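Subject: Structure handover

Hello,

Here is the structure we talked about passing on. My notes on its disulfides and its cavity follow below it.

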Amino acid sequence: MGFSYQSILHLVSMVLLVFSNQANATPQLKQQQQQQQYYNESALLRGRNRCNLFQGKWVFDPSYPFYDSSKCPFIDPEFDCLKYGRPDKQFLKYAWKPDACTLPRFNGVSFLGKWRGKKIMFVGDSLSLNMWESLACMIHASVPNAKTTIVRKDPLSFVIFEEYGVTVYLYRTPYLVDIVRERVGAVLHLNSINGGKAWRGMDVLVFNSWHWWTHQGKSQAWDYMRDERGLYKDMNRLQAYYKGLATWANWVDTNVDPTKTTVFFQGISPTHYEGREWNQPKRSCNGELQPLSGSKYPGGAPPAAAVLNKILGSMKKPVYLLDITTLSQLRKDAHPSTYGGQHSGNDCSHWCLPGLPDSWNQLLYAALVM
């Protein structure tokens with residue numbers, strides 16, 4: 001999953017290109033970019049005082065977590081850290097506290113009432129699965145006796161809260177764009193989204209993609225990449241990510257009616273394999289018991305965040321960024337590490353449930369009700 005020295009140089013050059021384009025823009029274009037970025041990244045923060053929900057710190061809160069994992073029927077073993085032996089429970093007791101306002105506490109009954117008869121879909125990779133299961137558990141804890149129907153299939157799974165007519169979907173597609181079987185093997189089509197047919201008609205869409213773009217060797221799901229110019233054995237991964245996201249952005253701009261569908265993009269979810277990022281070079285997430293203090297991450301933002309912001313700033317339709325990157329970077333303690341039931345080794349990519357994804361959903365809830 002690591003990068004070669006040459007790949008890292010390519011990543012850095014891509015990020016520099018993103019910022020260079022912004023720096024060389026005319027004053028008029030800069031103003032347009034700033035307005036568009038504000039709309040796409042921050043219009044979600046539409047509380048009365050324009051509070052930035054994503055700027056804050058983690059505080060201990062004994063009222064957490066939102067639910068008991070042993071009573072939620074939706075959690076996969078890979079996220080069920082307590083069931084599979086994690087001995088500490090302090091990681092469950094942290095709440096996200098914005099600096100300038102109070103984050104509304106999640107209320108499942110209110111959520112179901114507001115979204116009665118509606119359809120909500122998470123679209124992406126296993127981080128979308130993480131968030132989907134979290135929301136299902138949070139709602140279930142509020143109405144534990146409500147009748148539910150759950151269907152688990154690939155690529156489409158869903159939970160229906162029958163009395164309210166609320167359906168929460170998950171569509172698994174780690175790259176958002178298509179993988180097509182060709183004569184040469186599995187080809188990642190950077191300019192094709194046929195799976196988007198299943199995303200239509202939703203009231204809320206929450207997209208996510210990044211982790212799989214970094215996979216190499218046997219862990220990557222494709223043999224070649226293809227764009228409008230031809231076939232490639234490989235490509236700079238940030239450049240490929242940019243091309244894939246541009247195709248996704250075009251799909252949203254072409255197919256989404258903002259008066260009927262609210263679109264979010266789940267920000268880049270970080271990993272904690274490299275302790276040097278928080279000034280502890282010999283550490284990883286394994287054995288970490290508490291968040292980093294403060295509101296800044298020593299390792300800085302991941303390069304993919306600049307690519308995502310560039311794409312969001314270019315879109316015509318409103319897409320609201322759930323900017324969970326920094327607040328999640330502070331949670332080096334919240335991964336399954338060695339306590340995931342179906343994940344061998346040290347998992348510093350996904351998140352325990354209950355845990356951090358519950359705060360992501362609390363922020364989604366705030367964005368929808370504030």
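Cysteine 285 and cysteine 348 are both buried, where buried means under 20% relative accessible area, exposed over 50% and partly exposed in between (1.4 Å probe, protein chains only). This is a predicted model, in which local features need pLDDT of at least 70, side-chain atom pairs count only at pLDDT 80 or more, and totals for chains, interfaces and linings use all residues. Residues are numbered from 1 along each chain as its sequence is written, and side-chain values use heavy atoms, with hydrogens and water left out.

Cysteine 285 and cysteine 348 are joined in a disulfide (a pair of cysteine sulfur atoms within 2.5 Å), with their sulfur atoms 2.1 Å apart. The torsion about the S-S bond is about -80°, so this disulfide is left-handed. Cysteine 285 sits in the loop between strand S12 (262-266) and helix H6 (303-312), and cysteine 348 in the loop between H7 and H8, so the pair ties together parts that are 63 residues apart in sequence. Helices (H or I, at least four residues) and strands (E, at least two) are DSSP runs, numbered from the N terminus.

A search of the whole structure gives four disulfides. Another one joins cysteine 81 to cysteine 352, with 2.0 Å between the sulfur atoms. Its link is left-handed, with -95° about the S-S bond. Cysteine 81 is in the loop between S1 and S2 and cysteine 352 in the loop between helix H7 (325-329) and H8, so parts 271 residues apart in sequence are tied together. The relative accessible area is 1% for cysteine 81, which is buried, and 0% for cysteine 352, also buried.

Cysteine 72 and cysteine 137 form a disulfide too (S to S 1.9 Å). This pair links distant parts of the chain, 65 residues apart: cysteine 72 belongs to the loop between strand S1 (56-60) and strand S2 (94-98), cysteine 137 to helix H4 (residues 126-142).

Now the cavity. The structure holds one cavity of 30 Å³ or more, a cavity being a set of points on a 1 Å grid over the protein atoms alone where a 1.4 Å probe fits but cannot get out. The volume of the largest cavity is about 80 Å³, counted as the space filled by probe spheres set on the points. Its lining has 13 residues, with Tyr64, Leu92, Tyr94, Gly355 and Asp358 nearest the centre; lining residues have an atom within 4 Å of a point. Helix H8 (residues 356-369) gives the most to this lining, with three residues.

Regards

Conventions
On a 1 Å grid over the protein atoms alone, a cavity is a set of points where a 1.4 Å probe fits but cannot get out, and a pocket is an open set with protein on both sides within 12 Å along at least five of seven lines; lining residues have an atom within 4 Å of a point.
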